[in-house]
Amino acid sequence: MRGIWLHDPRGVDWQKVMAELYAARMNAIFVKFSTGGAAYYRSEVLPGSFYAGRDEAALCLAAARRYGIQVHAWRVCFQMKDAPAESQQRAVREGRVQLDRSGRVLRPSYRAPVLCPSHDWNRSLEVRATVELATKYPFDGVHLDYLRWIDAEPCCCATCRKRFCRDTRSTVASWPRDVMKGGRLARTFVSWREQIMTRMVAEISPAVRRARPSTRISAAVWPELASVRRDRGQNWKAWVDAGYLDFICPMNYSTDPAMFAKRLSEERALVNGRVPIYVGIAAYKCTSGSQLQQLVALAHSSRAGGWVLFNYDERFRTQFLPYLRN
Ligand SMILES: [Zn+2]
């Protein structure tokens with residue numbers, strides 16, 4: 001796979017994008033089509049539905065087919081990016097968002113609240129939104145991103161507290177101190193929240209496979225498994241081992257060739273050939289086309305199944321695409 005992520009489908013000249021990717025011998029594009037609160041198509045499931053007279057998904061697919069390029073619908077799980085203000089406020093009011101230790105709403109990179117994975121309604125939304133994405137259009141795959149807790153510290157929402165106590169049969173004397181780093185139940189909490197996330201994948205994947213068996217299911221994951229398990233509850237090895245995913249894209253966003261190669265070799269050992277690894281490369285961090293070429297060459301020599309570049313934008317088009325043609 002020679003792929004690339006594209007952030008926002010609205011108003012894209014799909015014919016031009018696909019022709020350029022084809023000329024650079026690329027064969028896959030991962031397009032963000034929904035988030036935890038919005039879809040960039042007419043959605044029956046997500047509250048924010050951006051559909052301004054142009055069906056971007058249909059146009060994207062039609063252009064991609066012409067050039068033999070796969071389209072994977074990229075889903076930003078949980079993050080309420082682009083959700084209408086009213087539905088963001090409702091999620092906060094209903095206690096469905098991740099909170100810090102002082103009870104403040106966590107607002108990470110997208111400045112929007114993030115749905116809490118321990119809450120049943122949110123889990124059901126994730127499943128329904130992903131199934132809708134997989135069935136509404138004939139995408140080659142659905143690509144799950146942000147299947148991780150948003151902060152290294154515990155989510156301190158009421159549902160997490162209740163579920164944690166119930167699932168682990170723990171009694172919390174001091175909340176959230178007992179579950180914070182160094183607390184009496186810190187380790188138990190870290191392991192519990194990892195299980196919550198793994199169960200999420202265990203709910204989404206079979207639902208998608210039942211709804212449309214040909215859809216390939218993939219996830220963008222963080223490198224360095226031990227630390228992402230501890231800090232974000234993301235045990236992607238368990239997801240691969242259980243057969244929930246058809247491939248993974250570890251975001252190996254170091255431009256240091258030695259670090260890039262080291263991480264990739266660790267990932268290959270962990271995955272052990274069960275699924276392909278299409279390694280994420282940070283084109284945006286590269287300072288030159290030849291630097292990008294070097295990382296691509298490393299991905300080839302490691303015999304990973306391919307690579308996906310982050311991300312398609314104007315700088316990538318003008319500075320880096322020419323290097324991939326050669
Ligand atoms: Zn929570």
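What follows is a chat about a predicted model and some of its local features.

Student: Before we start, what should I know about numbering and confidence?
Tutor: Residues count from 1 along each chain as its sequence is written.
Tutor: Helices (H or I, at least four residues) and strands (E, at least two) are DSSP runs, numbered from the N terminus.

Student: And which residues is Ile-29 in contact with?
Tutor: Leaving aside neighbours within four places in sequence, Ile-29 contacts Gly-3, Ile-4, Leu-6, Leu-21, Ala-64, Ile-69 and Val-71. Contact means that the two C-beta atoms, placed from the backbone, lie within 7 Å.

Student: Switching to strands: why is β7 largely enclosed?
Tutor: Five of the six residues of β7 (residues 216–221) are buried, so the rest of the structure largely encloses this strand. Buried means 20 or more other C-beta atoms within 10 Å of the residue's own, exposed means 12 or fewer, and partly exposed is in between, with C-beta atoms placed from the backbone.

Student: Which strands does β7 pair with?
Tutor: β6 (residues 141–145) pairs with β7 in the parallel sense over four bridges, and β7 pairs with β8 (residues 247–250) in the parallel sense over four bridges. Pairing takes at least two DSSP bridges between the strands. Over in β8, Phe-247 is the bridge partner of Ser-218, and Pro-250 stands opposite Val-221.

Student: Which way do the β8 residues point?
Tutor: Phe-247 and Cys-249 point one way, Ile-248 and Pro-250 the other way, and all are buried.

Student: New topic, helix packing. How do α1 and α2 cross?
Tutor: The axes of α1 (residues 14–23) and α2 (residues 56–66) come within 9 Å and cross at roughly 30 degrees. Those axes are lines fitted to C-alpha atoms, for helices over the stretch in contact, with angles from 0 to 180 degrees between N-to-C directions.

Student: Which residues make that contact?
Tutor: From α1 you get Trp-14, Gln-15 and Met-18, and from α2 Leu-59, Cys-60, Ala-63, Ala-64 and Arg-66.

Student: What about Cys-165, where does that lie?
Tutor: Cys-165 lies in α5 (residues 158–168). Cys-165 is partly exposed, with 16 other C-beta atoms within 10 Å. Not counting residues up to four places away in sequence, Cys-165 touches Ser-170, Thr-171 and Val-172.

Student: Which residues does a cis peptide bond join?
Tutor: Trp-175 and Pro-176 are joined by one, with omega about 0 degrees, and Pro-176 lies in the loop between α5 and α6. The bond from Phe-310 to Asn-311 is also cis, with omega near -5 degrees.

Student: Last one: is Asp-82, with that positive phi, buried or exposed?
Tutor: Asp-82 is buried, with 23 other C-beta atoms within 10 Å. Its phi is about 65 degrees, although Asp-82 is not a glycine.

Methods
This is a predicted model: local features need pLDDT of at least 70, side-chain atom pairs count only at pLDDT 80 or more; totals for chains, interfaces and linings use all residues.
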